[in-house]
Every structure is written in C-alpha cells, then in structure tokens.
Amino acid sequence: MREVGALIRGARQGRGLTQAQLAERVGTSQSAVNRIEQGGQNLSLELLARISNALDQQLVSIGGAPQRSHLRVQGGRKLSGSIAVNSSKNGAVALLCASLLNRGVTRLHKVARIVEVDRIIDVLRSLGASVTWSADGETLEIITPAELRLDAIDADAARRTRSVLMFLGPLSGRFDSFRLPYAGGCDLGTRTVEPHLIALRPFGVGVDAQAGWYDVKVARDGRTTRSIVLTERGDTVTENAILAAAAHEGETVIRNASPNYMVQDLCFYLELLGIRIEGIGTTTLRITGQSEIRADVDYWPSEDPVEAMSLLTAGIVTDSTLTVTHAPIEFLEIELATLAEMGLVFDVSDEYPAANGRTRLVDITVHPSQLRAPIDKIHAMPFPGLNIDNLPFFVIIAAMAEGTTLVHDWVYEGRAIHLLDLTRLGASVTLRDPHRLDVSGPAHLSGAEVSCPPALRPAVVILLAMLAAKGESVLRNVDIIARGYEGLQERLVSLGASIETFRD
C-alpha cells in the first residue's frame, strides 16, 4: 500500500495537482487522498481506476508481467528552499539486526521506510519476531521471542539484501549451528565475505558455503577475553564483530574498527541495552558482552550523511541556493573541505544535538558557485576520510567544474563503470581502469534516456545529473533507488524539481 501510495503521490505531483484537486477529480476527500498517499487506506480496484483516469496514467496492472517504474525529468530548473535529512538507512538495518540480541522491547523512532528496511523486517518476522509500525508510521517496535524459528527464515527477502550478513554476529551468541541464505544487494563486483569470517573466528564461528546457503557452526571454548584485529576496516564487518562481542560473555577488544556513523549508531543503541563499550568513535573498541539481554529501550537513529550529500549535490549541480538541515557534520567535514577547495560557496550553522542526544547536526546552505577541479585526486577513505558512499556524487560535481578531476573508487571494481552512463547526458567521463575515472568539465548537460544501473548511488547520481540537464530525460527501472531513499522523487519535487513517475 505504501508503494502504491508513493506512486500516486509522484504521479499527482508530476501533473502539478494538489491533494485537494486530485480529490475533486476522483470524487473523494482531501484527507482520503492524504491517507492513500501515506499507504494508510485500502484501495478498491474501482477507486484505483478512478485515480488512474484522473492522473491520465496506469498506476498498477492486474495479471501479466509486472510493470517497472520510470522517471521523467524536466531538467534545467533551479531548486530552492530547505529540506531536512532523514535517518540513516545503513544505521537502521544494523539496529534491526541488533534487535535480535534483546529479549525486551526495542522501539526505533523515525526509521527510514525504505525497501532495504522492509526486507530486514520481513526476515525478522519470518524468524518469529514481532515487528510493528505505530499508527502514524513514526515508530517501529521489535520484540524478539525466546525461541527463534531459524528453519522458517524468509530466504527470498534475505537473498535480496547484503545486510543479512549482520545476522551472523547476534545469532552466533544464541545458537551452536544455523543457516543463512547467501547475501545479495547492489551489483558492485566481487565483495568477499572473508573479512566477516576473520572477524567472527575468535568467537568460534565457522562458515561453510553450500548450495546458496551459509552453514554456520559455533564452537564454544569458554574464553572470556578475546582480541580481534580486523584485516579490513569495513563498516558491516565491524558491526558484525561488535554484535558478536555483545552476544558473548566477557571482554572483546576490536582493533582497526570502523568508527563510521552506522557503527556509532549501533554502539549507542547497545549501550542502552546495558552493553559496556569503550572507544566509540575510535578504531579500538573494548566491549563487555552479555549472554542474555533484556531491556525496554527507545532509540532515534542518527541522520544519514549520504542522504545529506545527495541533497547538497542536487543544489550544487543545479547551481541553486539550497539549505539542507539536520546534516551530521562529523561525517561530512572532509566532503565540505573538498568542495571548498573546488570553489563551492556555502554556509554552515552552529551545531545542535540530534534526537539521540549524541550526533552533532548543522544546517548547510549551498550557493551558486564557479567550480574548479581540485589539484589532487578525489578518493574515499574509511572514516574520518571522505565517505565511500559519497564518492560517486563527486563525479557529477566534477563534471560541472572547470578542469579535469581524477576520481579513484578503490573499494568497488564495478561501481565506476556504472558512472559512465553520465556520458549519455553529455558529461565527459573516461574510464582509466575499473577503479579510476577522469572527469572533465564544465559539462553542458542535455536530456537523454538512461536505464538505471544496478547500484544505488550511481543510480541517484544519474537522477541528479538529469536535474541539471536541459530538456527532458527519462530514467528507466528506478526501483533500486527505493532501496536506500524514502520518497526521494517527492522530496526533490518539493524543492522545485520536475519529476514524474510513469510505467509502461
């Protein structure tokens, strides 16, 4: 119902109609339209047909092959106004996995309602957990049963998200053996699970891959102290090690840990559960675990620095004055320093606390600027470096800058290739190798039709480029964007973008 509601909302906004105007055409009330768009009202086929006729667009099909969603963008428009950053997708999925540790009630507030979250929720429910949204959709309540139904796991939902790997840590504390489906996610090339296995071996975890499943066995040796050195300072690898440490009695020291935003979010939540953690925000963590945790807790996930960068990029590439509020400054400082080197004019407000009381937020206003290529290459690094997920946005920003920029994406061997689709819009992007791009500008972008790449961040980069391109563009098969962003199209429309959803 939420997906249908979002489709109706996007089509209405694409037609330039208010909720009251659509209600009048359909013969219902504005409050009913609002409930429909929020996914809070059942829809009959007859009402769906009336809405489709009012919007001159077929919204759903009954039978036959499923229709895919596409976006039609009228580019070259300035954006304006202010928009708040939503809570973190990566933080939310880690917290949902961590809820398996708690025998009490976990209430997560302001969780992003995105496909990735829905998939983890589906997996949790299949295991027997009670997962319910509040009536206003603002709070997610999770109650994990004493006995999990591991044999009933929703393998289809699990295989469509890489986040299911983070079940290894919490489940290793409760079971001597279990199975998990192979993890999926974005198409970003080969992404080995070996760093996860290295992180979990000190807990006696062994994994054997068999016919689409991970067969996991846990050999318990009675140790109460453990020392782990991660060979890769990855975010999910660190989270898995933290979750395993929290689930096992005794003290665990994790070195070369990621101190990134989603890792800190996880630690803040675990502290509410009574887990003692020293070194949050550093690369060395000292965790005192418990074999049984029972606590009723409320937690507000922190705001998403990658969404913040996405919204800032929308303002930058459209040469607009735009304010992004509730931006987690600790995780954007290198990005802002890089943008300043490129000549971007922006203002940053005084800091204020997030709802969780721990994250530092600011409001950032970008202004039209004459951009230039940086002297050095742009590359990502583990936090506190430039965020790996923010790197793709610098490709389209560099395309609007004077000069040539080398962008080095050393983490994913496939992601840089997806960004070559920007050439369809007129950007000058050349692939040196699977990890490096030369980007020359300033580009004069024009509308084109592009199929969405099978990776979240490149897909959003292409959509943002279409906002800057003169004329009409079509981005096809955009379902992947809903994996990581809640209502991105509608939020961009609220800033003045012209984006319409359609199906064919």
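Me: Before the helices come up, what do the axes and angles stand for?
Reply: Axes are lines fitted to C-alpha atoms, for helices over the stretch in contact, and angles run from 0 to 180 degrees between N-to-C directions. The model is a predicted one.

Me: What makes α5 roughly parallel to α6?
Reply: Helix α5 (residues 89–98) packs against helix α6 (residues 115–126) at about 5 degrees, and their axes are 9 Å apart. Angles under 35 degrees count as roughly parallel, so α5 is roughly parallel to α6.

Me: Why is Cys452 called buried?
Reply: Buried means under 20% relative accessible area. Cys452 has 12%, so the residue is buried. Cys267, at 1%, also counts as buried.

Me: Is Arg107 buried, exposed or partly exposed, and what makes it so?
Reply: Its relative accessible area is 24%. Buried would need under 20% and exposed over 50%, so Arg107 is partly exposed.

Me: Where is Arg107, and which residues is it in contact with?
Reply: Arg107 lies in strand β3 (residues 105–109). Leaving aside neighbours within four places in sequence, Arg107 is in contact with Thr139, Leu140, Glu141, Asp296, Val297, Asp298 and Tyr299. Between Arg107 and Glu141 the C-alpha to C-alpha distance is 4.4 Å, although they are 34 residues apart in sequence.

Me: Why are β18 and β20 said to stand at the edges?
Reply: The open sheet has 4 strands in the order β18-β19-β21-β20, with mixed pairing. β18 (378–379) and β20 (428–433) each have a single partner strand, so one side of each is left without a neighbour in the sheet.

Me: What joins β20 to β21, and which helix packs on the sheet?
Reply: β20 and β21 (residues 436–441) run antiparallel and are joined by 5 bridges. Two strands pair if there are at least two bridges between them, so these two count as paired. Ser428 stands opposite Ser440 in β21. Helix α14 (residues 391–399) packs on the sheet, touching β18, β19 (403–408), β20 and β21, and its direction makes about 30 degrees with that of β21.

Note on methods
Residues are numbered from 1 along each chain as its sequence is written. This is a predicted model: local features need pLDDT of at least 70, side-chain atom pairs count only at pLDDT 80 or more; totals for chains, interfaces and linings use all residues. Side-chain values use heavy atoms; hydrogens and water are left out. Contact means heavy atoms within 4.5 Å. Buried means under 20% relative accessible area, exposed over 50%, partly exposed in between (1.4 Å probe, protein chains only). Angles under 35 degrees count as roughly parallel, over 145 as roughly antiparallel, 65 to 115 as roughly perpendicular and the rest as oblique.
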